[in-house]
Amino acid sequence: MTELRDKIQTGLRIGNRELSSRFFLAPLAGYTHLAFRVMLRRLGGLGMATTDLVQSQMLVSETRKSLELVATCPEDNPLSVQIYSGVIPQLVAAAKWLEDRGYEGIDINMGCPMAKVNGSGGGARLMCNTSGATEMVGRVIDAVQLPVTVKMRLGWDSDQLTAPELAAAFENIGVAAVTVHGRTRQQGFGGNVNRSGIRETVQAVKSMPIIANGDVRTPEDALSMLAETGCAAVAIGRGAMLDPWIFRKLQDIETGQKSREPTADEQVAFLSDHFTLMAEQHGDYSCLLFRKFAAWYGATLGIPEYLEDRLRRFESESEFRQLVTEIRQRHGERESTVATALIKVPNGPVEHW
Ligand SMILES: Cc1cc2nc3c(=O)[nH]c(=O)nc-3n(C[C@H](O)[C@H](O)[C@H](O)COP(=O)(O)O)c2cc1C
């Protein structure tokens with residue numbers, strides 16, 4: 001335990017970036033946008049965040065959607081932008097586009113299981129071809145000065161656990177760090193996270209940081225992930241939705257303080273500020289975007305069903321403010337329970353995703 005505490009109290013270097021915490025936010029497309037990232041950063045303890053995945057060609061073409069995905073602000077730092085493509089020149093062009101505009105880190109997606117990403121040779125499909133994947137990542141590294149990281153799974157399926165081999169190859173060409181979600185593409189989001197598989201990946205590299213990911217829901221899970229895999233850092237996705245205070249709690253452990261649970265006022269303030277930040281970026285459109293969070297907030301805050309329903313339907317900022325006043329009064333009337341299931345993952349056979 002002392003060894004673990006020493007480790008988490010020591011910062012981590014990734015490329016040219018000194019990170020003060022070893023607990024990172026894993027990207028959850030549709031949830032971990034700018035407003036949510038800034039909210040987490042304000043709570044404290046977050047080492048690094050990554051944007052949702054952005055299709056390289058769309059980014060270079062500067063489509064409205066991709067510009068929204070890479071929107072950031074000085075407070076939203078350290079940040080990597082996650083790009084994907086199965087076509088090397090497109091990936092390189094996106095990396096250069098980001099460097100020219102002052103972004104500070106690039107993450108290449110090699111873990112996405114979705115057909116639309118894999119079909120074009122991007123995402124987890126890249127894990128089936130070590131030399132092709134290494135060449136692709138190498139070309140990005142050669143094209144930019146920024147630290148380049150890769151996020152992947154353990155492999156395509158249980159017969160092709162290529163993460164250790166790929167991580168070793170990536171270290172040789174100068175990748176700054178690799179995040180490993182401890183499932184195969186075949187597993188989708190089902191089954192268990194294979195921590196031994198992550199550990200094997202850690203053992204396959206000399207000094208490149210491996211960031212372990214998958215099913216970390218509590219500070220204790222994060223600490224046991226560090227201890228069992230020997231990873232340099234832990235990336236938390238759905239666990240940060242379940243409990244946005246998880247990074248602050250880990251920071252409390254790092255500094256030897258008693259972990260603080262958020263008060264009811266803090267929770268309602270989180271809801272209110274989250275929407276305010278979304279409205280700053282998206283204007284009236286944020287009312288629609290916020291619907292995605294209604295069930296989650298409803299369950300977390302334990303508000304009566306009708307208030308949750310209104311959170312799903314409000315149409316203006318003034319209506320939202322009235323709603324917050326009512327939530328302040330009726331917060332905690334229902335038992336607060338947030339199931340991870342509230343964050344939708346694709347289901348059915350993975351081949352059809
Ligand atoms: C709704 C959703 C969206 C996701 N979007 C991305 C993404 O854009 N890029 C990526 O690399 N991984 C993405 N992931 C995978 C997560 O980053 C993470 O690897 C996975 O959820 C396991 O970690 P967790 O249990 O901490 O959530 C997504 C997962 C979910 C559930």
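A salt bridge is a side-chain nitrogen of Lys or Arg within 4 Å of a carboxyl oxygen of Asp or Glu.

## Basis of the model

This is a predicted model, in which local features need pLDDT of at least 70 and side-chain atom pairs count only at pLDDT 80 or more, while totals for chains, interfaces and linings use all residues. Residues are numbered from 1 along each chain as its sequence is written, and side-chain values use heavy atoms, with hydrogens and water left out.

## Salt bridges

The structure holds 24 salt bridges. One of them joins Glu 308 and Arg 312, whose closest N and O atoms are 2.7 Å apart. Both residues lie in helix H16 (residues 305-313), 4 residues apart, which separates them by about one helical turn. Helices are DSSP runs of H or I with at least four residues, strands are runs of E with at least two, and both are numbered from the N terminus. Glu 308 is buried at 8% relative accessibility, whereas Arg 312 is partly exposed at 31%. Here buried means under 20% relative accessible area, exposed over 50%, and partly exposed in between (1.4 Å probe, protein chains only). Glu 308 and Arg 312 also belong to a network of salt bridges that links them with Glu 305, Asp 309, Arg 313 and Arg 334.

A second pair is Arg 42 and Glu 75, with 2.7 Å from N to O. Asp 252 and Arg 260 form another salt bridge, with closest N and O atoms 2.9 Å apart. Asp 252 is buried at 1%, while Arg 260 is partly exposed at 38%.

## Around the ligand

For His 181, a side-chain N or O atom is 3.5 Å from a ligand oxygen.

Key
A polar contact is a pair of N or O atoms within 3.5 Å; within protein, one must be able to donate a hydrogen and the other to accept it, and residues adjacent in sequence count only if both atoms are side-chain atoms.
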